[in-house]
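Hi everyone, thanks for coming. I'd like to walk you through one model today, so please have a look at it with me.

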Amino acid sequence: MTAEEALEGADATASASISDNTIDELRDQVTAIAQRYHLKSPGESYEEADRLRLTIERQRDRTQVPVQQQELMILNGQTAALLSVAAFDLGYFPSARSLARTAAVFGETTRFTPLQAFADGTLAYIAYHTGNPTDALAKATRALSYGGLGDMAQRRHQAIKARAHAHLGDVTSARQAILLSAQDGQDRRDDLHDGVGGEFAFPLERLAMSTSTTALLIGDAVQAEADARRALELIGQRPSEEQSAHVRAGAAADLALARLLADDVDGAAEALRPVWDVPAEHRQTGIVVRTARIRQHLARPEYHGAHVPTALVERIEDFNRVSPPHRIGPRIGFLAIES
């Protein structure tokens, strides 16, 4: 008997309400998906979250107690937010956008502002990945406007805002947002980014990786290399079960591109070593985008015919060809990644 079947059996006699233990169990399951997200492929996480979403919906239909309805709507919104992240990682950008909007609606309905902010942040990075940096900036700005956010939430959304400014070519504003994202907080926490954590969190190594990518976009290879190195150093300090392969590979790819901008091809090849270790099903959108940018740089005329650049181009093409965004993602996602 599965946990889900056991819960449904225990609540079978309830007509107007469900057991509070049921809600506690569902909350634990949402937290578990969020906290194990970095250990699983996006496809696995999506399937798991979708099954949980259906279970939460069934429980919502079984209770008329307002407090329970509120709790279940928050859990439903958190699940939609995780589904949005997984859909983005798989390259399904339209679905990711719709699911993020669904999460935002649940956040608005329940007045759970951390969920609203997280959803707007997700909508922001979907926007700049699909060529709409102006919309991305608006969404990131709105995410920062909500009350009740902890320091980690502020950090996440300033980093997203910095990237939006970078895509718009506004170097001054991008640097200002980077500085704000790195500021010491005021020991504020919220129930989503800190309480649930996992994929909802934004630890310092993720901030460093994001800052490295933004620095590359504004042409600051020195800062990009420094932040990529910091991300790799920070993640290496975590226990192995807490280390995110996505963050490690993303930072490694940024480090490689920073070295290429300094014309250090051999150093770039060395930096890419952790990238090749990422299993095919875990090669999500962020990694594919970063390696695709490296491939574009290596396509410059000065590298034509050179052994190491040619070998790297071939390896990147082989690496990305079997990734979920290229293999199963719809054409619109593929075009956005390649652009």
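This is a predicted model: local features need pLDDT of at least 70, side-chain atom pairs count only at pLDDT 80 or more; totals for chains, interfaces and linings use all residues.

Residues are numbered from 1 along each chain as its sequence is written, and side-chain values use heavy atoms, with hydrogens and water left out.

Let's start with the rings. Rings of Phe, Tyr and Trp (its six-membered ring) pair if their centres lie within 6.5 Å; planes under 30 degrees apart are stacked, over 60 edge-to-face, and the rest tilted. The count comes to four aromatic pairs. Phe88 and Tyr125 have ring centres 4.9 Å apart and planes at 65°, so they are edge-to-face. Phe88 sits in helix H4 (residues 66-90) and Tyr125 in helix H6 (residues 113-129), so this pair ties together parts 37 residues apart in sequence. Helices here are DSSP runs (H or I, at least four residues), numbered from the N terminus. Phe88 is buried at 5% relative accessibility, and Tyr125 is buried at 13%; buried means under 20% relative accessible area, with a 1.4 Å probe and protein chains only. Ring pairs also link Phe88, Phe93 and Tyr125 into a cluster.

Now the helix contact. The axes of H8 (residues 151-167) and H9 (residues 171-181) come within 8 Å and cross at roughly 165°; axes are lines fitted to C-alpha atoms over the stretch in contact, with angles from 0 to 180 degrees between N-to-C directions. H8 and H9 are therefore roughly antiparallel, a term for angles over 145 degrees.

Note on methods. Helices (H or I, at least four residues) and strands (E, at least two) are DSSP runs, numbered from the N terminus. Angles under 35 degrees count as roughly parallel, over 145 as roughly antiparallel, 65 to 115 as roughly perpendicular and the rest as oblique. Buried means under 20% relative accessible area, exposed over 50%, partly exposed in between (1.4 Å probe, protein chains only).
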